[in-house]
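Here is a short tour of one protein. Take a look at the chain and its fold before reading on.

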Amino acid sequence: MSAPGAPGAPGATRAAVPAVAAARPPLLLRARLRWLRTPVGWRVLAVYLLARLFSAAVLAEVARFQPESDWTPAGAGYGDMLGLWDATWYRRIAEEGYPDAVPLGEDGAPQQSALAFYPLAPLLTRPLLWAGVPFGWAGALVSLVAGAAAAVGVRALVHRAVRAHRSEAVARRSAWSAAVLFCVSPPSLVFQVPYTEGPALALLVAFLALLQRRRYLPAALVALLLGLTRPVAVPLSVVVVVHLALRARAGRRAGAQLSGREALRGLALLGASGAAGLLWPLATWLMTGRRDAYTATMGAWRSSGEVVWLRPWWGISQYVLGTVAGPVLLLLAVAGFAGWLLSRRAAALGAELRTWCLAYVGYLLLVLDPFTSLFRYLVFLFPLGALVAVRPRSAAVLRAWVVCSLALQVVWTAWLWRFSPPADWPP
């Protein structure tokens, strides 16, 4: 006979249960441990941190070759490199605010000024400035934290989008691929310098996630905040129109119309996304008393002195590839990109993410000069990273993309951040 409580004895299992239960961690701790085991937790954040350490090492190495200028001293270090290029304008905004008039040159033409730069990201640094943190490090911290939030959000956003069209396994692979390539993308250095890409991407991902869940009123608020971060409200409005149209069509097919409350919330979202594109131009008008303050200031960065739709791309294509071949190849490239995104393989992204990519590229073609800033603007096409892993056995392909992205990050950082701008810029 076995002794009571011994292994195999009657009641042994019942006697052991309280002891095992007592040895388990508290419920809240178990929930946190489960969270840490998910890709949304430590895996994405670990990749993001490693990618930022790599970028920091690259930037520190590039700093060794930075020539002495009004921007950087002799023997520049990592901290000196944080204040280059557009970061100078954001520092002015954070420390001094905006001018109350459009600066004009001797010929009366608008000059480059802080009015061309959106306020939310530099204003987020002000509490850190009040605490005595230099702007370069304060802006870098804001970008770093916002980029981390965006990276985690990219994984969740893509997973939900792909899961609606493909299996759970494909959704997990695609979401992981999108998050990893987002973290290591060639221009991902901007996630640790005082630029607006980090905060703007965090808000964009939040907006698209809320749209997925039909949380229209919170999405409207996020759209307005995004309108104070970067000029991306036009493609955002296109996404809202497509989403609402598909939602209404799905309701009709199911034999049920949208409720009045949902329709009103959808209209509020559409109005907010449209208003987001007008917020900053309207604010600059009120600050300066000049109706075209924003567009006139933006024109100071263009070779023509004004913002002209599509002309820069058309002209550059002719200059680089020839008068006839350039525009033809440009049109073929645009048509090929659109055809790829509308293909069956890209359908895994869902209508909203595909619409965002198409509308955003269309926006860049319409209003942007195709110069050095274009490369960092492409990071907003993060959903495309999911397509690397839509097909099975894509781990090797993803690794190849990661290696190429890191190599291009070295090239991009050494090429762009190493250059010494003119001593009189900004004016």
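## A word on pockets

A pocket is an open set of grid points with protein on both sides within 12 Å along at least five of seven lines. A volume is the space filled by probe spheres set on such points. With that in hand, the second largest pocket holds about 910 Å³ of space.

## The overall picture

This is a predicted model. The protein has 427 residues, and 45% of them are buried. Its secondary structure comes to 19 helices and 0 strands.

The chain also folds back on itself in its contacts. Take the contacts with a separation of 6 or more: 74% of them join residues 24 or more positions apart.

## The second largest pocket

How many residues line the second largest pocket? The lining has 34 residues. Leu378, Val379, Leu381, Leu384 and Trp401 lie nearest the centre of the pocket.

Several helices contribute. Helix 9 (168–184), helix 16, helix 17, helix 18 and helix 19 (395–416) each give two or more residues to this lining. Helix 19 gives the largest share, 8 residues. By class, the lining has 30 nonpolar, 3 polar and 1 charged residues.

## The cavity

The structure also holds 1 cavity of 30 Å³ or more. The largest cavity has a volume of about 60 Å³. Two elements give two or more residues to its lining: helix 6 (120–124) and helix 8 (135–163). Helix 8 supplies the largest share, 4 residues.

Which residues line the largest cavity? They are Tyr90, Ala121, Pro122, Thr125, Phe135, Gly139, Val142, Ser143, Pro194, Tyr195 and Thr196. This lining divides into 7 nonpolar, 4 polar and no charged residues.

## Thr125, a lining residue

Thr125 is one of the residues that line the largest cavity. Thr125 lies in the loop between helix 6 and helix 7 (126–130). Is Thr125 buried or exposed? Its relative accessible area is 2%, so Thr125 counts as buried.

Set aside the neighbours within four places in sequence. Thr125 is then in contact with Ala94, Phe135, Ala138, Gly139 and Val142.

## The nonpolar cores

The largest nonpolar core has 95 residues. Phe182, Phe207 and Trp417 touch the most other members. Apart from this core lies another, of 10 residues, among them Trp89, Ala94, Ala114 and Ala116.

What does Trp417 touch, leaving aside its neighbours within four places in sequence? Its contacts are Leu59, Val62, Gln66, Met81, Leu84, Trp85, Leu189, Val193, Tyr195 and Trp412.

## Helix 15, a helix with two sides

Helix 15 spans residues 311–321, and its buried residues are Pro312, Trp313 and Ser317. Seen down the axis of the helix, these buried residues fall within an arc of 130°, so they line one face. On the other side of helix 15, Arg311 and Tyr319 are exposed.

What do the buried residues of helix 15 pack against? Their partners are helix 16 (325–341), helix 17 (350–367) and helix 18 (373–377). Those three helices also give residues to the lining of the second largest pocket. Just after helix 15, Gly322 takes a positive phi of about 115°.

Glu197 sits in helix 10 (residues 197–212). Glu197 has a relative accessible area of 0%, so this residue is buried. Not counting residues up to four places away in sequence, Glu197 touches Val190, Arg230, Arg376, Tyr377, Val379 and Phe380. Among these, Val379 is one of the residues nearest the centre of the second largest pocket.

Ala109 lies in the loop between helix 5 (87–96) and helix 6. Why does Ala109 count as partly exposed? The reason is its relative accessibility of 28%, as partly exposed covers values between the buried limit of 20% and the exposed limit of 50%. Not counting residues up to four places away in sequence, Ala109 touches Pro103 and Leu104. Ala109 and Ala296 are 187 residues apart in sequence, and their C-alpha atoms are 8.7 Å apart in space.

Conventions
Residues numbered from 1 in each chain as written. Predicted model: local features only at pLDDT ≥ 70, side-chain atom pairs only at ≥ 80, totals over all residues. Heavy atoms only, no water. 1 Å grid on protein atoms, 1.4 Å probe; cavity = no way out; pocket = protein on both sides within 12 Å on 5 of 7 lines; lining within 4 Å. Nonpolar A, V, L, I, M, F, W, Y, C, P; charged D, E, K, R; others polar. Buried < 20%, exposed > 50% of the residue type's maximum accessible area, 1.4 Å probe, protein only. Contact = heavy atoms within 4.5 Å. Core = buried A, V, L, I, M, F, W, Y, C linked by side-chain atoms within 4.5 Å. Arc of directions from axis to C-beta.
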